[in-house]
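This report describes a single model, going from its confidence to its helices, sheets and loops. Please view the sequence and the structure first.

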Amino acid sequence: MLEESIKATEAAPAKSKDSDWVSPYTDFRRHRKMGMSGIHTLLITPGFWAIVGYRFLHAIDAAFRKTPLRPIANQFCIFSTAIISAWTQCLLPARAKIGPGLYILHSGPMMINDGVVIGSNCTMVRGVAIGHHMTSAGDSPVIGDRVFIGTGAILFGSIEVGHDSLIGAGAVLTRSVPPRSVVMGNPARVMGNTGSFHLVRYDGMETDPERLASLAQVPQQTDTQTSG
Ligand SMILES: CC(C)(COP(=O)(O)OP(=O)(O)OC[C@H]1O[C@@H](n2cnc3c(N)ncnc32)[C@H](O)[C@@H]1OP(=O)(O)O)[C@@H](O)C(=O)NCCC(=O)NCCS
């Protein structure tokens, strides 16, 4: 049991992603790597359409953020996000920061709020919600790279989720967790430290030094489950 490790002080800070333009091709490739055909991804995957919309609106928001046209761009992004959300059931606000290679499994309904930061090559399954605490001041979750968030999981408040963590289906997570955490339950508890390696695939993963360094931290006896 690693319950003690759910302490903000022990959580590895997730890397902040702040690039203004990320090509939706990275997300397309991620869907392909996770086993979806190109036709399926492009034609009948509302989650992917929502990601493409988000990528363009995020770039527009960033481009006009420091110009006099900012209020107009802001309204355009809010309006467009609402339309895309109604259409795809996936709410990805333009001001959220999402790294390359996002994979939304089974599409919506799902939502994140505009303060959320998500790292690269993360997976969110249908029913995920990530947002503000609502009753206390503070920011929204900052989620590391290669994190898998299972169906119906809810993450809120000023928390950090370490790289390669696995958030189980239905977990309600309100505290920071260190890298490679396996988190389950409501309230969520860290139940393991073998991470999400067996659930997250992406181009170049076999030679990604960050992933390999993280994988090397997994306890020896679990190597058979996490190799590759
Ligand atoms: C977190 C997860 C990966 C754990 O899988 P696992 O390591 O194989 O764990 P097991 O299924 O062997 O279960 C181990 C224990 O944890 C419990 N458990 C498993 N998942 C749980 C969850 N999400 N919430 C609470 N308890 C959970 C099991 O009941 C079991 O308890 P027990 O030992 O008292 O019997 C998995 O349960 C999960 O949530 N996957 C995501 C599912 C999802 O999002 N699916 C949608 C895609 S189609």
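## Confidence in the model

Residues 1-17 keep a pLDDT under 50, and the model has 41 contacts for them beyond four places in sequence. Here pLDDT is the predictor's confidence in each residue, from 0 to 100, and two residues are in contact if their C-beta atoms, placed from the backbone, lie within 7 Å. Over the chain the average pLDDT is 90, and 88% of the residues score at least 70.

This is a predicted model, in which local features need pLDDT of at least 70 and side-chain atom pairs count only at pLDDT 80 or more, while totals for chains, interfaces and linings use all residues. Residues are numbered from 1 along each chain as its sequence is written.

## Two packed helices

Helices (H or I, at least four residues) and strands (E, at least two) are DSSP runs, numbered from the N terminus. Two packed helices are described by the angle between their axes and the distance between the axes. Helix H3 (residues 46-64) and helix H4 (residues 70-88) have axes that come within 10 Å and cross at roughly 175 degrees. Axes are lines fitted to C-alpha atoms, for helices over the stretch in contact, and angles run from 0 to 180 degrees between N-to-C directions. H3 and H4 are therefore roughly antiparallel to each other; angles under 35 degrees count as roughly parallel, over 145 as roughly antiparallel, 65 to 115 as roughly perpendicular and the rest as oblique.

On the H3 side the contact includes Trp49, Leu57, Ile60 and Phe64, and on the H4 side it includes Arg70, Cys77 and Ile84. The residues of this contact of H3 with H4 are nine nonpolar, five polar and two charged. Ala, Val, Leu, Ile, Met, Phe, Trp, Tyr, Cys and Pro count as nonpolar, Asp, Glu, Lys and Arg as charged, and the others, Gly among them, as polar.

## The four-stranded sheet

An open sheet is formed by four strands in the order S2-S5-S8-S11, with parallel pairing. Two strands pair if DSSP finds at least two bridges between them. Strand S2 (97-98) and strand S11 (160-161) are at the edges with a single partner strand each, so one side of each has no neighbour in the sheet.

Within this sheet, strand S5 (residues 117-118) pairs with strand S8 (residues 142-143) in the parallel sense over two bridges. Valine 117 has valine 142 in S8 as its bridge partner.

## The six-stranded sheet

Six strands make up another open sheet, in the order S3-S6-S9-S12-S14-S15, and its pairing is mixed. Strand S3 (103-105) and S15 stand at its edges, each with a single partner strand, so one side of each is left without a neighbour in the sheet.

Strand S9 (residues 148-149) pairs with strand S12 (residues 166-167) in the parallel sense over two bridges. Strand S14 (residues 182-184) pairs with strand S15 (residues 189-192) in the antiparallel sense over three bridges, and valine 183 has valine 190 in S15 as its bridge partner.

Most residues other than glycine have a negative phi, and most peptide bonds are trans. Glutamine 89 has a positive phi, near 65 degrees, and lies in the loop between H4 and strand S1 (90-91).

The peptide bond from glycine 108 to proline 109 is cis, with omega near 10 degrees; proline 109 lies in the loop between S3 and strand S4 (110-112). The bond from asparagine 186 to proline 187 is also cis, with omega near 0 degrees, and proline 187 lies in the loop between S14 and S15. In that hairpin, with four residues between the strands, glycine 185 has a positive phi near 95 degrees.

## Around the ligand

The residues surrounding the ligand include Leu105, Val125, Thr151, Leu166, Met184 and Gly185; a residue is near a molecule or strand if its C-beta atom, placed from the backbone, lies within 6 Å of it. This shell divides into five nonpolar, five polar and no charged residues.
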